Amino acid sequence: SSLVMFPILTGATPALAESEEAYVRTPSPNDKFKFSYTITPPPSFAPGNKPLKTHLDEINFSIPDVRGYTLGVTVDPVRIASIKDFGTPEQVAARVVTAEVNRDGVFQVTLAKDPVEDSAGCYDIEYISDGKRGKKRFGTRIYIQDGFLYVLTVQSKEAEFDEAREKEVQACIKSFRPL
C-alpha cells in the first residue's frame, strides 16, 4: 500500500507545515483490494499503526505525547452497495451504540446529537461513552462505496471537548471521504 501526504497550503511541505494537510490513502499496484480515501486530521496529528490489525486497512492519528484525543480510519469489504442498505441513520446509530455499550468496561452510552445523513451520502454519529476509563466523546462518519465500508472515528476526553475542539473535530469529520 502506498501512503501519500498532500499539503493543502501552497508551497507547504510535510516536514515544515504543521497546519492542515490532507492524508490520502491510495492503492498500490500490488494491493488485492483497490480503495482510496482522504482525510484532513487536526493540526499536529501524526499517523501511526495499531499494534493489532483487525480490519482490511486501518490507521490511527494522534498528537505525540497527548493522551485521549485520537482518530482512526478503518476500511473493510462489504456486500451491500449503500449505507441505506444497512439502515437509516437512527438504525445505524443504534448498532454503533449497542456495540460500544457491549465493550468491556463501558457503563453507559448516549447519543450526543441526532444521527444525520450528510449530503455526501454518509452517516455522521456522535455519542458519549462513560466507562471505567473515563467519559469520552466519539464522532464517526460512515460511508459505503464500491464494495467497501469506510469508518472514521474521532475520540476525545469529554472534559476536553470544548467549543474549539468541537470545531476541529467537525472539520476533520467533514474532510473524510472515499476517492
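Modeller: Two strands are said to pair if DSSP finds at least two bridges between them. Keep in mind throughout that this is a predicted model.

Biologist: What makes strand β6 and β11 a pair?

Modeller: The requirement is at least two bridges, and strand β6 (residues 69-77) is joined to β11 over 9 bridges in the antiparallel sense, so by that definition they pair. Within this pairing, G72 stands opposite T153 in β11.

Biologist: Which bridges join strand β10 to β11, and how many are there?

Modeller: Strand β10 (residues 134-145) runs antiparallel to β11 and is joined to it by 10 bridges, with R141 standing opposite L152. The hairpin of β10 and β11 has 2 residues between the strands, and there D146 takes a positive phi near 50 degrees.

Biologist: Why is strand β11 called largely enclosed?

Modeller: A residue counts as buried under 20% relative accessible area, and 7 of the 10 residues of strand β11 (residues 148-157) are buried, so the rest of the structure largely encloses this strand.

Biologist: How do you know that the span of helix α2 agrees with its number of residues?

Modeller: At 1.5 Å a residue, the 13 residues of helix α2 (residues 163-175) should span 18 Å, and the end C-alpha atoms are 18 Å apart, which agrees.

Biologist: What makes the buried residues of α2 line one face?

Modeller: In α2, the buried residues are R165, V169, C172, I173 and S175. Seen down the axis of α2, they fall within an arc of 165 degrees, so they line one face of the helix. The face turned away from that buried side carries the exposed residues E163, A164 and K167.

Key: Residues numbered from 1 in each chain as written. Predicted model: local features only at pLDDT ≥ 70, side-chain atom pairs only at ≥ 80, totals over all residues. Heavy atoms only, no water. Buried < 20%, exposed > 50% of the residue type's maximum accessible area, 1.4 Å probe, protein only. Helix = DSSP H or I, 4+ residues; strand = E, 2+ residues; numbered from the N terminus. Expected span 1.5 Å × (residues − 1). Arc of directions from axis to C-beta.
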